[in-house]
Amino acid sequence: MTELKDIPETSETRFGDFGGQYVPETLMTELEKLTACFNEAEADPDFQAEFHRLLNEYANRPSLLYFAKRMTEDLGGAKIYLKREDLNHTGAHKINNVLGQVLLARRLGKTRLIAETGAGQHGVATATVAALFGMECEVFMGKEDTERQKLNVYRMELLGAKVTAVTSGQGLLKDAVNAALQDWAARPEDTYYVIGSAMGPAPYPAMVHAFQSVISTEAKQQLQTVEGRLPDAVVACVGGGSNAIGSFAAFIGDPSVRLIGVEAAGQGVDSGKTAATLEKGSAGIFHGMKSIFLQNGDGQIDKVYSISAGLDYPGVGPEHAALQASGRADYVGITDDEAVAAFEYIAKMEGIVAAIESCHAVAYVQKLAPTMRKDQIIICTLSGRGDKDVAQIASYKGVAL
Amino acid sequence: MNPLRKAFENGPAFIPFVTAGDPSAEKTVAYVVALANAGADIVELGVPFSDPIADGPVIQAAGLRAFAGGITVERVFDIVAAIRQQTQVPLVFLTYANIPFKYGYERFCARCAKLRVAGLVIPDLPAEEAGELLPAASQNGVALIPLVSPTSGHRLAKLTVHADGFVYIVSALGVTGTRDGFAQNLDDLIADLRKVTDAPLCVGFGIHTPEQASAIAGQADGVIVGSAIVKLIADAPDDLAGLAEYAGAMANATHSGRGQA
């Protein structure tokens with residue numbers, strides 16, 4: 001059982017030992033303005049009302065908390081509830097945070113939005129909200145990811161965004177973040193950088209926490225309505241960690257609720273082809289934050305690998321690093337093979353094609369549920385829908401479409 | 001007083017940059033010696049980082065060549081040791097926060113002091129976070145060089161409070177790389193900085209012609225030239241004479257105002 005002392009101490013810019021603002025001086029004035037704007041907005045009832053109106057009327061919230069009856073029976077242990085972020089407009093949890101941040105961007109008088117994207121879900125959400133508010137939008141995406149996620153590239157362009165393929169490094173999510181940070185430093189006056197995950201310099205991790213916490217605030221209330229109690233465990237996948245922090249947020253202060261983040265182990269945590277940052281990484285400073293990173297002894301950031309374009313990131317948000325260090329949350333790895341098996345399992349068992357990212361969480365639930373009693377409850381967040389992954393999974397399985 | 005201050009005693013200083021290990025350790029030693037002989041007052045040595053977010057394509061490519069040549073942090077210190085057998089030109093490192101963090105701030109600064117690396121320029125360690133490195137740096141007599149940008153505005157006093165080497169003025173927004181124009185408010189920025197610090201003010205990011213160097217030296221205390229030097233090296237890695245000729249012209253342009261004040 002978790003005790004309250006396990007909750008990391010937070011300050012204006014830190015979670016325990018992690019977080020901070022490790023960015024070039026050019027961006028510090030912007031971060032100062034953003035911090036002030038975010039603090040004001042948090043306390044402003046008009047901002048909150050507009051944010052929640054957009055969540056409900058545009059993003060289709062609240063999302064369902066769905067009892068997965070067949071999975072529960074099949075696995076023979078804890079009752080499994082799925083938090084259906086895949087049913088949001090644009091098909092993933094990313095829209096929650098984008099709506100909040102774009103409202104801040106408008107308050108700051110910005111006219112141009114930029115974003116990084118891995119699987120394309122955050123890029124699609126940003127392009128969508130840019131269209132909604134008539135703002136200019138440029139999305140940076142690793143070259144390799146633009147190949148893996150062609151459908152989302154076209155969706156972003158359809159929505160009026162410019163998609164820039166990043167060729168530096170491995171052409172993955174990390175490289176897209178580098179390019180977005182560089183672009184922001186080049187024209188900070190009119191540009192707002194919509195960071196999609198619970199990472200980057202303060203105040204981003206706290207903002208993403210605030211805007212994504214709607215996931216667990218709803219889930220807690222929904223479960224209270226149907227079961228009259230708290231869950232025993234909450235399971236969510238972790239790349240940078242936005243859907244996971246949103247899924248954990250309302251339960252962090254409830255010591256009886258186990259919080260489990262599931263990372264992409266790629267070909268195995270010890271295979272050298274992995275993205276299991278919290279299992280294999282060490283403390284470092286990168287992308288504006290002190291956190292845990294996959295890196296070598298000199299501090300050079302490692303190459304990463306996962307079948308999932310949304311999880312193959314060599315770092316993790318600082319609040320997750322702090323939750324792991326304090327012992328409040330546990331982080332485990334799921335391999336490509338396990339995630340693909342879960343992709344097929346949940347499709348056949350519940351009629352849900354879930355994102356390959358989310359299927360990492362589903363795969364861990366398949367292991368966890370049978371070890372728990374039938375009167376116990378797991379909430380598993382389905383962070384997104386899997387239409388974007390169908391072609392890639394078919395090819396992984398050797399099926400020609 | 002930090003030894004870097006001496007480099008400014010005769011007037012504006014010329015500060016060229018090279019990436020350590022680009023394309024090899026031996027070449028880097030030869031380049032630094034050539035630059036010192038051509039009139040460099042301080043040499044800035046880049047310690048490569050895998051993801052240099054403040055650097056443009058030219059310096060990013062130099063880092064990749066250095067990694068291909070097998071550069072490590074230990075080898076950078078070996079390069080400095082070899083440089084020290086040939087020249088006592090003041091040296092500063094330019095690197096990213098994760099490199100000294102991972103090495104250990106105290107251990108990193110102690111190594112720097114031993115090899116007379118007099119300062120550190122760390123683009124992703126702003127004033128808000130510099131406190132974690134500052135004790136180790138000052139105990140070892142290594143200056144933490146603050147960066148100031150055209151967007152710094154009201155932050156100037158805060159940024160320069162610990163400046164004991166020099167102040168690095170980023171002359172343009174964005175990443176490193178040669179430019180023809182600089183931030184419009186550069187004159188104002190220099191004037192505002194003079195009100196809050198007596199540390200030498202050096203301007204970098206984009207300077208590549210002797211005319212630019214001479215103009216900057218008319219207002220500032222130092223001219224930092226990075227990408228233009230790195231590009232020369234990339235185009236003709238064996239042409240030491242060409243490097244010396246370019247550096248000499250830039251040094252002369254920077255020094256041209258000396259003695260007039």
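Q: How much area do chain B and chain A bury between them?
A: This is a predicted model, and in it the contact draws on 37 residues from chain B and 34 residues from chain A. Of the area buried between the two chains, 51% is on carbon and sulfur atoms. The area that chain B and chain A bury between them comes to about 2800 Å².

Q: Which element gives the most to the side of chain B that touches chain A?
A: Across the interface there are 24 residue pairs in polar contact. The elements of chain B that give two or more residues to the side touching chain A are α2 (57–68), α4 (98–103), α6 (127–130), β6 (147–148) and α8 (156–160). With 4 residues, the element that gives the most is α4(B).

Q: Is B:F205 buried or exposed?
A: B:F205 lies in the loop between β8 (201–204) and α10 (210–217) of chain B, and its phi is positive, near 85 degrees, although the residue is not glycine. The cut-off for a buried residue is under 20% relative accessible area. Because B:F205 has a relative accessibility of 10%, it counts as buried.

Methods. Residues numbered from 1 in each chain as written. Chains lettered and ligands numbered in written order. Predicted model: local features only at pLDDT ≥ 70, side-chain atom pairs only at ≥ 80, totals over all residues. Heavy atoms only, no water. Contact = heavy atoms within 4.5 Å. Buried area = accessible area lost by both parts, 1.4 Å probe. Polar contact = N/O pair within 3.5 Å; in protein donor to acceptor, adjacent residues only side chain to side chain. Buried < 20%, exposed > 50% of the residue type's maximum accessible area, 1.4 Å probe, protein only.
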